[in-house]
Amino acid sequence: MKLFKPPRLADWVLPRLRWRFSVSEPVVFITFDDGPSPEITPFVLDLLKAYNWKATFFCVGENIRKQPELFQRILTEGHMVGNHTMKHLSSVKTENETYLGSFREFEQVYPGKLFRPPYGRIKPSVAREIGKTHQIIMWSWLSYDYDLKVSNQRILDEAQRIKPGDILVLHDNVKIVARQQVLLPQLFELLRKKGFRSEIISA
């Protein structure tokens with residue numbers, strides 16, 4: 001079963017994690033994980049610019065080092081950047097010190113105040129440590145754009161349920177370039193027609 005929107009109970013059970021925001025305007029918070037990638041991030045940035053929207057990019061530190069000019073473009077165009085670890089590690093499969101080392105190494109590349117755990121999972125012990133200095137940003141709408149078994153139409157149908165204050169997860173990942181070039185324009189237009197705009201998550 002694909003859970004596009006987690007239950008609101010998550011806000012209470014996991015209070016260290018940010019799942020959504022309370023807003024008074026038709027604002028959503030589009031986020032992109034895993035980049036920057038030269039194969040798809042420029043396309044994403046061009047699309048955001050066309051809509052005059054801002055997004056939050058949870059970048060992998062190794063990718064920042066490989067693509068410094070592209071990373072600088074993200075910043076120059078007014079988007080927010082968050083920590084997605086240096087090497088895209090899984091918290092549940094990695095020893096705490098190794099995982100936290102990857103988190104801290106990213107901070108040497110680009111210090112900030114936002115963090116999203118790769119694969120969307122984080123041990124409570126790690127969350128306590130990272131939460132001392134960073135907002136841990138989860139989501140209230142997961143696109144499943146990375147899962148090619150989920151059709152574009154299914155994703156767009158589920159996007160009808162997006163509400164103001166929702167945090168949307170998408171990916172600027174080289175593995176799904178062809179999908180994103182089709183899906184993202186359709187999704188952005190759907191959001192625009194529903195009256196939404198996207199803003200950064202403030203650190």
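Visitor: Which residues touch the most other members in the largest nonpolar core?

Guide: In this predicted model, the residues of the largest nonpolar core that touch the most other members are Ile 30, Phe 32, Phe 57, Ile 130 and Leu 191, out of 61 residues in that core. The largest share of this core, seven residues, is supplied by helix 8.

Visitor: What is Ile 130 in contact with, leaving aside its neighbours within four places in sequence?

Guide: Once those neighbours are set aside, Ile 130 is in contact with Tyr 99, Leu 100, Phe 103, Phe 115, Ile 122 and Ile 136.

Visitor: Why are helix 2 and helix 8 called roughly parallel to each other?

Guide: The axes of helix 2, residues 41-51, and helix 8, residues 177-193, cross at roughly 20° and come within 11 Å. Angles under 35 degrees count as roughly parallel, and helix 2 and helix 8 are therefore described as roughly parallel to each other. Helix 2 passes helix 8 in a right-handed crossing. On the side of helix 2 the contact is made by Phe 43, Val 44, Leu 47, Leu 48 and Tyr 51, and on the side of helix 8 by Gln 180, Gln 181, Leu 184, Pro 185, Phe 188, Glu 189 and Arg 192. By class, the residues of this contact of helix 2 with helix 8 are eight nonpolar, two polar and two charged.

Visitor: How do you know that helix 7 and helix 8 are roughly parallel to each other?

Guide: The axes of helix 7, residues 152-159, and helix 8 cross at roughly 20° and come within 10 Å. With the limit for roughly parallel set at angles under 35 degrees, helix 7 and helix 8 are therefore placed in that class. The crossing of helix 7 and helix 8 is right-handed. In this contact Asn 152, Ile 155, Leu 156 and Ala 159 of helix 7 meet Arg 179, Val 182, Leu 183, Gln 186, Leu 187 and Leu 190 of helix 8. The contact of helix 7 with helix 8 divides into seven nonpolar, two polar and one charged residues.

Visitor: What makes helix 2 and helix 4 roughly parallel to each other?

Guide: Helix 2 and helix 4, residues 68-76, pack at an angle of about 15°, and their axes are 11 Å apart. That angle is set against the cut-off of under 35 degrees, and helix 2 and helix 4 therefore count as roughly parallel to each other. The crossing of helix 2 and helix 4 is left-handed. Thr 41, Pro 42, Leu 45, Asp 46 and Lys 49 of helix 2 make the contact with Leu 70, Arg 73 and Ile 74 of helix 4. Four nonpolar, one polar and three charged residues make up the contact of helix 2 with helix 4.

Visitor: Why is Asp 33 called buried?

Guide: Asp 33, which is found in strand 2, has a relative accessible area of 4%. Buried means under 20% relative accessible area, so Asp 33 is counted as buried. Leaving aside its neighbours within four places in sequence, Asp 33 is in contact with Phe 58, His 84, Arg 116, Val 169, Leu 170, His 171 and Asp 172. The C-alpha atoms of Asp 33 and Ala 178 are separated by 17 Å, and these two residues are 145 residues apart along the chain.

Visitor: Is Tyr 144 buried or exposed, and how do you know?

Guide: Tyr 144 has a relative accessibility of 9%, and because the limit for buried is under 20%, Tyr 144 counts as buried. Tyr 144 lies in the loop between strand 7, residues 141-142, and helix 7, and its phi is near 60°, a positive value in a residue other than glycine.

Visitor: What makes Asn 52 exposed?

Guide: The relative accessible area of Asn 52 is 64%, and exposed means over 50%, so Asn 52 is called exposed. Asn 52 is found in the loop between helix 2 and strand 3, residues 56-59, and its phi is near 60°, a positive value in a residue other than glycine.

Visitor: Why is Gly 195 called partly exposed?

Guide: Gly 195 has a relative accessible area of 41%; because buried is under 20% and exposed is over 50%, with partly exposed in between, Gly 195 is described as partly exposed. Gly 195 lies in the loop between helix 8 and strand 9, residues 197-198.

Conventions:
Residues are numbered from 1 along each chain as its sequence is written. This is a predicted model: local features need pLDDT of at least 70, side-chain atom pairs count only at pLDDT 80 or more; totals for chains, interfaces and linings use all residues. Side-chain values use heavy atoms; hydrogens and water are left out. Axes are lines fitted to C-alpha atoms, for helices over the stretch in contact, and angles run from 0 to 180 degrees between N-to-C directions. Helices (H or I, at least four residues) and strands (E, at least two) are DSSP runs, numbered from the N terminus. Angles under 35 degrees count as roughly parallel, over 145 as roughly antiparallel, 65 to 115 as roughly perpendicular and the rest as oblique. A crossing is left-handed if the near helix is turned anticlockwise from the far one by less than a right angle, and right-handed if clockwise. Contact means heavy atoms within 4.5 Å. Ala, Val, Leu, Ile, Met, Phe, Trp, Tyr, Cys and Pro count as nonpolar, Asp, Glu, Lys and Arg as charged, and the others, Gly among them, as polar. A nonpolar core is a set of buried Ala, Val, Leu, Ile, Met, Phe, Trp, Tyr and Cys residues joined through side-chain atoms within 4.5 Å. Buried means under 20% relative accessible area, exposed over 50%, partly exposed in between (1.4 Å probe, protein chains only).
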